Amino acid sequence: METFSLSQSHKTLSKSDPKSLSDNEIINLYLETQSESYFSLIYDRYSNKIYSKCLSLLKNDALAQDAAQDVFTKIFLNIAGFNQKSRFSTWVYSITYNYCIDFLRRKKKEKTVLTSEDKGASEDVMDEVDDKVLMEMELKRLKVILEKIPVEDKSVLLMKYREELSIKEISQIFGKTESAIKMKIKRAKHKAKTLYNATYQN
């Protein structure tokens with residue numbers, strides 16, 4: 001009598017409705033079978049998201065396309081090490097972000113805007129910027145400001161307010177403590193507000 005395993009049931013499910021599988025289910029099936037079809041599901045699910053994140057950081061279509069392919073190569077080579085303690089999307093975001101930041105650092109393309117407050121202000125006396133201050137900034141102007149602040153500050157603000165990642169998830173991406181991430185967000189908001197006021201005060 002032919003036995004029917006759990007993996008067989010998953011394979012049947014994936015053929016009928018692959019979108020119903022979670023990321024972790026697909027990863028487990030891929031590791032179990034080494035079937036390219038399962039990795040293709042991951043590729044189809046994340047390729048556009050990874051490309052978009054690369055483009056937002058690198059500001060160049062050709063560089064973003066190359067970076068996205070390199071990121072997927074890193075994912076392919078390291079997927080067995082994904083411990084599933086965090087969301088797979090967070091793990092993917094971490095690889096994407098770190099690849100692009102490393103690229104920018106190597107090419108020395110990162111632009112840094114330092115204000116007098118950044119140079120002299122103590123972290124302890126830095127005013128807390130309320131979230132609604134960012135929300136009330138005119139969208140077009142806010143986009144301009146985000147392009148002028150350091151890429152790490154831009155990224156952490158987008159993770160928090162556009163991607164709606166938790167502090168814990170952001171800390172996993174940056175490889176820093178949650179308290180360090182809270183301070184990083186505080187600094188980034190302070191820079192954005194200061195530059196916004198200096199640019200559009202009139």
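Residues 24 or more positions apart make up 65% of the chain's contacts with a separation of 6 or more, a contact being heavy atoms within 4.5 Å. This is a predicted model, where local features need pLDDT of at least 70, side-chain atom pairs count only at pLDDT 80 or more, and totals for chains, interfaces and linings use all residues. Residues are numbered from 1 along each chain as its sequence is written, and side-chain values use heavy atoms, leaving out hydrogens and water.

Helices (H or I, at least four residues) and strands (E, at least two) are DSSP runs, numbered from the N terminus. Of the 202 residues, 40% count as buried, which means under 20% relative accessible area with a 1.4 Å probe, protein chains only. The accessible surface comes to about 12,300 Å², with 49% of it belonging to carbon and sulfur atoms; such areas come from the Shrake-Rupley method with a 1.4 Å probe, and for residues only the protein chains shown count as cover.

Now let us look at helix H5, residues 88-107. Its 20 residues should span 28 Å at 1.5 Å a residue, and the end C-alpha atoms are 29 Å apart, which agrees. The expected span is 1.5 Å times one less than the number of residues. Because 14 of its 20 residues are buried, H5 is largely enclosed by the rest of the structure.

Finally, turn to the cysteines. The structure holds zero disulfides, a disulfide being a pair of cysteine sulfur atoms within 2.5 Å. For cysteine 54, the nearest cysteine sulfur is that of cysteine 100, 3.7 Å away. Cysteine 54 is buried at a relative accessible area of 0%, and cysteine 100 also counts as buried, at 0% relative accessibility.

Methods
Buried < 20%, exposed > 50% of the residue type's maximum accessible area, 1.4 Å probe, protein only.
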